[in-house]
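Here's a friendly walk through one chain, for anyone meeting this structure for the first time. Take a look at the picture, then read on.

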Amino acid sequence: MDSLEDKRYFLEHINPKAKRFLNTCSHCGRQGYRPSIEEEGFGEDGKRRFMRKVLQRHYGPLPLDESGRCEVCVGLARKGD
Ligand SMILES: [Zn+2]
């Protein structure tokens with residue numbers, strides 16, 4: 001398993017471009033990759049394919065709603081209604 005430090009190292013030193021493909025929940029701060037990287041057209045060139053592989057190794061998919069919250073936070077907010 002990768003530690004948080006590993007992830008930080010990877011993002012800051014190895015592939016700063018990968019940050020573009022990361023989502024961060026505005027509410028709880030959870031991070032994951034944008035589900036759009038799993039789409040067919042994304043891996044057309046080799047660099048992107050590599051980036052996808054690395055992102056998938058370090059993170060899970062994290063879809064966000066229109067206000068930038070992850071599914072967990074959206075679920076919690078719904079319960080409170
Ligand atoms: Zn969240």
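## Contacts along the chain

Two residues count as being in contact if their C-beta atoms, placed from the backbone, lie within 7 Å. With that in mind, take the contacts between residues at least 6 apart in sequence: 61% of them join residues at least 24 apart. Keep in mind that this is a predicted model.

## The overall layout

The chain has three helices and two strands. The C-alpha atoms fill a box of roughly 45 × 30 × 20 Å, taken along the principal axes.

How much of the chain is buried? Of its 81 residues, 7% are.

## How confident is the prediction?

The average pLDDT for the chain is 86, and 93% of the residues score at least 70. Among the elements, β2 has the highest mean pLDDT, at 95, while helix α1 (residues 4-14) has the lowest, at 72.

## Histidine 27, between the strands

Let's zoom in on a few residues. Histidine 27 sits in the loop between β1 (22-24) and β2 (31-33). Is histidine 27 buried, exposed or partly exposed? It's partly exposed, because 16 other C-beta atoms lie within 10 Å, and a residue needs 20 or more to be buried and 12 or fewer to be exposed.

Leaving aside neighbours within four places in sequence, histidine 27 is in contact with Arg69 and Cys73. Serine 67 is 40 residues away from histidine 27 along the chain, yet their C-alpha atoms are separated by 9.4 Å.

## Arginine 52, in helix α2

Next stop: helix α2 (residues 46-58), which is where you'll find arginine 52. This residue has 18 C-beta neighbours inside 10 Å, so it counts as partly exposed.

Which residues does arginine 52 contact, leaving aside its neighbours within four places in sequence? They are Ile37, Phe42 and Gly43. Phenylalanine 42 is 10 residues from arginine 52 in sequence, and the two are 8.5 Å apart in space, C-alpha to C-alpha.

## Valine 74, in helix α3

Last up is valine 74, which belongs to helix α3 (residues 71-80). With 15 other C-beta atoms within 10 Å, valine 74 is partly exposed.

Not counting residues up to four places away in sequence, valine 74 touches Asp65 and Arg69. Valine 74 and threonine 24 are 50 residues apart in sequence, with 14 Å between them in space, C-alpha to C-alpha.

How values were computed:
Residues numbered from 1 in each chain as written. Predicted model: local features only at pLDDT ≥ 70, side-chain atom pairs only at ≥ 80, totals over all residues. Helix = DSSP H or I, 4+ residues; strand = E, 2+ residues; numbered from the N terminus. pLDDT = per-residue confidence, 0-100.
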